[in-house]
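Hi there,

Here is the structure I promised to pass on. Have a look at it first, and then read on for what I found.

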Amino acid sequence: MAQREWFDKDYYAVLGVPPTATPKELTKAYRALARAHHPDATASASDTDRAASEERFKEISAAYDVLGDADKRKEYDEVRAMGPAAGGFTGGPFGGTGQPRGASSFRFDADSADLNDVLSGIFGGGATRARGRSRGQAGPRRGGDLEAELHLSFDDAVHGVTTTVHLSSDAVCSHCHGVGAEPGTAPTTCPTCGGSGVVAENQGPFSFSTPCLRCGGKGLLIEHPCSVCGGSGSERRARAVKVRIPAGVHDGQRIRVKGRGTPGMQGGPAGDLYVVTRVGAHALFGRRDDHLTLTVPITFPEAALGADLAVPTLDGPAVTVRIPAGTRSGRTFRVKGKGVTRGSSVGDLLVTVEVAVPARLSTAERKAVQALAEATPESPRAHLGV
C-alpha cells in the first residue's frame, strides 16, 4: 500500500538515478551509496558526521526498499504521477476540475468500486468517508534491512561455510526488551487518537487522516521512557550474526538472512540482513561461473609431439589431460565434473596450456633449436606476403 511520504520523497533522486533506470542500475547505485554511508564505514568519523551518515544510510535503504521491488516501484510511480507531489491540489481536495492535478484522467465507477478504495489508493489509506470509521495507520511496522560485507577465502566460497558476521546496528533494547518504557512501567493508550495513531481532519464530505501529533503516530504514550533507549525500544550495539554460506557462492553475491535486520516498531517483524560476499583469489585456480580455470605451461616438444599431463584439482587427486600433437599455445581442455558444485549443478575444470619459452638456453638446447630451425622448410608467416 502507498505510503504518505511517497508524495514528498523522490527516491530516484535519493539513489542518484533517473526514473528510467533499470533494476541493475538501481542495485549498482544502491550498493555504492550503502557502502559509502554504512555505519561501519563511518565508525571513525565525528559524532555529527556519523549521525548524518546514519540518516543518509536509512534514507538510501528506504529508497531501495521501494524501487528495488518491482511491484512497489510500479505503485510508487503511479502515486507520484497522480498525487500531490506531481503538481499539488488546488481548490479543495480535487482542485477546480474535481480531479488531482497532474492526472490525465480520474474516474470512479460506483457499480464496480467503492470511493473509499479509490481515495485509499491515492492517499495511502488516509482518506475515508466522514461518517465512516477512519482507518488508523498506527500499528506494527517492519524494521529496516541491513547490508554487510563478508570476506571469504576461495575454498570457503566453493565449499560453503558457517561463519559469523560482525556489525554495529540497532537492536532490541536490552533494558526494556523493546517496550520503550522503563521496566516496572508500561505505555498508555494515547487519549487524543484513542490508540489509532491518526486523527481525522474533516474536509466537507470527506475526512483525511493525519498522524497524531501528541503520540507521534504511535498510538501510545510513554510517561517513563527507558533510561537506555529513551523510549525508542532499540539501541545501537555491536552484534555477531551467525550466517550459513552455501557452497558455490560467487564474488558479490547477496545472501539474505531473514529477520536479522533492525527491530520492528510496535511489535512489527524485524528487517532482514543482506550479506554481500567478497571472495579472495586462489594461488592456482581461477573461476568462471561454476567452472574452475587453470593455466598449465608446457614445453615446445610437448606441444609439437603430444604428451600426457598430470593436472591438479581443487579437491582430490590429480587428473591426466592428454595433449595431442600439434597443440597450439592457448588451447583449453575441459575436465568434466571437476569444477564448483552449486546445488545440483557441477562445473568443469578448464585447463589452458601455454607454451613456455625458456629465457636462457644451454649449449645443447641451442644446438637442438638451431637444427630444428634449419630443418623447418617453410616460414609460418609466408601467408603475410612480406
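The side chain of D145 places a polar atom 2.8 Å from the backbone nitrogen of D272. This is a predicted model, so please read that distance as a computed value. The D145 side chain also makes a polar contact of 2.8 Å with the side chain of R142. As for its place in the fold, D145 sits in the loop that runs between β1 (127–129) and β2 (146–152). Leaving aside residues up to four places away in sequence, D145 touches S61, D65, G271, D272 and Y274.

D289 belongs to the loop between β11 (286–288) and β12 (291–298). Is D289 buried or exposed? Its relative accessibility is 64%, so D289 counts as exposed, the cut-off being over 50%.

Now for the chain as a whole. It has eight helices and 18 strands, and 36% of its 386 residues are buried. Of the contacts between residues at least 6 apart in sequence, 62% join residues at least 24 apart. The accessible surface comes to about 22,400 Å², with 52% of it belonging to carbon and sulfur atoms.

A word on confidence: the mean pLDDT is 80, and 80% of the residues reach 70 or more. Residues 84–137 have a pLDDT below 50, and in the model this stretch has 96 contacts beyond near neighbours in sequence.

Best wishes

Definitions and conventions. Residues numbered from 1 in each chain as written. Heavy atoms only, no water. Helix = DSSP H or I, 4+ residues; strand = E, 2+ residues; numbered from the N terminus. Buried < 20%, exposed > 50% of the residue type's maximum accessible area, 1.4 Å probe, protein only. Contact = heavy atoms within 4.5 Å. Areas by Shrake-Rupley, 256 points an atom, 1.4 Å probe, with all protein chains shown as cover. pLDDT = per-residue confidence, 0-100. Polar contact = N/O pair within 3.5 Å; in protein donor to acceptor, adjacent residues only side chain to side chain.
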